[in-house]
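Thanks for coming. Please have the sequence and the model open.

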Amino acid sequence: MIEQTSPRVAVVGCGLSGVAAAETLIRQGFSVCIFDMGENPGGRLAVRDIAGTGTAADGEVVDVGAAFFTTSSDDFSARVMDWIARDLARAWFDTCTVIEDAGRRRSSGPMRFAATRGTRSLVVDLVEVLSASPRFELRLATKVQQMRSDLADPRRGTASVTIDGERFDAAILAMPDAQALRILTPDCAPLLASQLATSQWQPTISHTMIFQERTWADDDFWFVNNSDVVASIADNGRRRGTSAPVLVAHSTAELAHAHFDSAQDAGPQMTAAVRAILDITAEPILTLTRRWGLAHPTSAREEECGWDADARIAVCGDGWHGKPRMEAAWLSGKSAALKVLAALSQ
Ligand SMILES: Cc1cc2nc3c(=O)[nH]c(=O)nc-3n(C[C@H](O)[C@H](O)[C@H](O)COP(=O)(O)OP(=O)(O)OC[C@H]3O[C@@H](n4cnc5c(N)ncnc54)[C@H](O)[C@@H]3O)c2cc1C
């Protein structure tokens with residue numbers, strides 16, 4: 001049970017931005033309850049565990065959401081360094097192959113990091129640390145339906161937020177904009193709602209291919225810029241450091257749009273495209289296909305997060321903080337928590 005003496009904040013969403021917000025609030029002595037409709041923490045940091053194939057892939061953890069992460073801020077770099085020190089993450093690659101109409105070239109860029117046990121493990125680790133606090137509560141498999149702001153609650157004389165009938169001092173929606181919009185009632189934080197309604201998000205299909213053996217040229221990652229079907233291919237065995245014969249392709253947004261109701265139907269097309277690109281003659285022995293309806297915003301706002309001071313509701317995630325990626329989600333979650341801290345500490 002959460003202690004009731006400190007301000008109590010609801011965080012909806014147990015992805016990277018939600019746990020970043022929760023960690024910041026808990027450190028400052030606040031009570032936090034995270035809700036997530038999923039069975040597991042992590043959100044788009046999702047994995048599949050492979051078992052029963054009778055191949056070298058058994059026991060493999062496959063990243064079926066985010067492929068890798070990069071760092072540019074001191075804050076997120078410190079987080080990543082801690083993960084590396086505890087063997088939760090490792091430097092994966094800074095040079096990979098880019099495939100274009102003009103041909104194939106090697107391209108160098110920032111260091112891409114991978115999670116040693118899959119990206120979800122990073123969020124699970126953060127949740128485990130938070131769980132040591134009596135002021136932290138996590139409710140998984142709990143879909144929040146509606147949020148209401150009681151601007152001046154006459155019984156308490158302060159603003160509060162009600163989530164599915166339960167009162168909190170403030171709330172943070174840590175998720176893609178369209179999901180946040182489904183929770184906000186029309187008259188609750190109207191300016192925030194109009195901001196959320198302007199963004200556009202792209203779908204992606206994640207297609208995992210498990211082969212009997214590795215037959216493709218050694219590389220970690222291929223950016224595919226000349227295909228209508230596949231946008232990128234990751235070598236999951238090299239990502240994990242296991243050499244398991246597993247590839248994960250992400251589709252173009254166009255293919256995912258075309259297969260809105262039937263991601264599985266896109267699987268054979270994606271397998272064929274990957275086999276052609278990497279010159280693989282064998283068929284995979286198993287494929288796993290998953291569609292992400294809200295994979296990425298087409299662009300992220302420069303604001304660090306959304307915040308309605310009157311309603312005491314913040315919105316955060318990778319739709320904020322400049323670049324739609326894990327680092328932005330982390331920083332945006334912390335920014336949202338700082339808004340709440342400042343408001344409730346007055
Ligand atoms: C296929 C794919 C590839 C990607 N590749 C990369 C990459 O290579 N590098 C990179 O940096 N980023 C990548 N990303 C983006 C990265 O995954 C996100 O930036 C990051 O995970 C966002 O975290 P978040 O906490 O903002 O949102 P999410 O992870 O989406 O978390 C939101 C959470 O809110 C929950 N939720 C939503 N509505 C409700 C509700 N009503 N009630 C309760 N819970 C709710 C969801 O269940 C979810 O767990 C990729 C994403 C996808 C999908």
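Start with Cys96. Setting aside residues within four places in sequence, Cys96 is in contact with Arg105, Arg106, Ser107, Asp219, Phe221 and Phe223. Before going further, note that this is a predicted model. Cys96 sits in strand S5, which covers residues 89-100. Is Cys96 buried or exposed? Its relative accessible area is 2%, under the 20% cut-off, so Cys96 is buried.

Next, the ligand. The shell around the ligand holds 33 residues, and those that come nearest are Asp36, Arg44, Phe68, Asp318 and Met326. By class, the shell divides into 17 nonpolar, 11 polar and 5 charged residues. Which elements supply at least two residues each? They are helix H1 (16-27), helix H4 (177-183), strand S16 (286-297) and helix H9 (326-344). S16 gives the most, with 3 residues.

A backbone N or O atom of Met326 is 2.8 Å from an oxygen atom of the ligand. A ligand nitrogen lies 3.0 Å from a polar backbone atom of Met37. For Ala67, a polar backbone atom is 3.1 Å from a ligand oxygen. As for cover, the ligand taken alone exposes 1,000 Å², and the protein buries 94% of that.

Now the interior. As background, nonpolar side chains tend to be buried together in soluble globular proteins. In this model, the largest nonpolar core has 42 residues, and the members that touch the most others are Leu16, Leu25, Phe69, Trp83 and Ile172. H9 provides the largest share of this core, 8 residues. There is another core apart from it, of 23 residues, including Met147, Ala171, Leu184 and Ile313.

Not counting residues up to four places away in sequence, Phe69 touches Phe76, Val80, Trp83, Ala89, Met111, Arg112, Phe113, Ala114, Ala115, Leu122 and Met326. Two names on that list come up elsewhere in this talk. Met326 is among the residues nearest the ligand. Leu122 is one of the buried residues of H3.

So, helix H3, residues 120-130. How many of its 11 residues are buried? The count is 8, and the helix is mostly covered. The buried residues are Arg120, Ser121, Leu122, Val123, Asp125, Leu126, Val127 and Leu130. What covers them includes H1, strand S3 (47-49), helix H2 (74-85), strand S6 (103-115), strand S7 (136-139) and H9.

Two further buried residues. Ser206 is in strand S12, residues 201-210. With a relative accessibility of 1%, Ser206 counts as buried. Its side chain reaches the backbone oxygen of Val64 at 3.0 Å. Beyond its neighbours within four places in sequence, Ser206 is in contact with Val64, Val248, Ala249, His250, Leu288, Thr289, Arg290 and Trp292.

The other is Leu344, in helix H9. Leu344 has a relative accessible area of 16% and is therefore buried, since the cut-off is under 20%. Leaving out residues up to four places away in sequence, Leu344 touches Pro7, Val9, Phe30, Asp169, Ala170 and Arg312. The C-alpha atoms of Leu344 and Glu283 are separated by 58 Å, although the two residues are 61 apart along the chain.

Last, backbone angles. Most residues other than glycine have a negative phi. Where do we find positive values in this model? One is Ala141, with phi near 50°. Ala141 is in the loop between S7 and strand S8 (147-153), and its relative accessible area of 47% makes it partly exposed. Asp164 also has a positive phi, near 45°. Asp164 is placed in the loop between strand S9 (158-163) and strand S10 (166-168), and at 44% relative accessibility Asp164 is partly exposed.

That is the tour. I will take questions now.

Methods:
Residues numbered from 1 in each chain as written. Predicted model: local features only at pLDDT ≥ 70, side-chain atom pairs only at ≥ 80, totals over all residues. Heavy atoms only, no water. Near = heavy atom within 4 Å. Polar contact = N/O pair within 3.5 Å; in protein donor to acceptor, adjacent residues only side chain to side chain. Areas by Shrake-Rupley, 256 points an atom, 1.4 Å probe, with all protein chains shown as cover. Helix = DSSP H or I, 4+ residues; strand = E, 2+ residues; numbered from the N terminus. Nonpolar A, V, L, I, M, F, W, Y, C, P; charged D, E, K, R; others polar. Buried < 20%, exposed > 50% of the residue type's maximum accessible area, 1.4 Å probe, protein only. Contact = heavy atoms within 4.5 Å. Core = buried A, V, L, I, M, F, W, Y, C linked by side-chain atoms within 4.5 Å.
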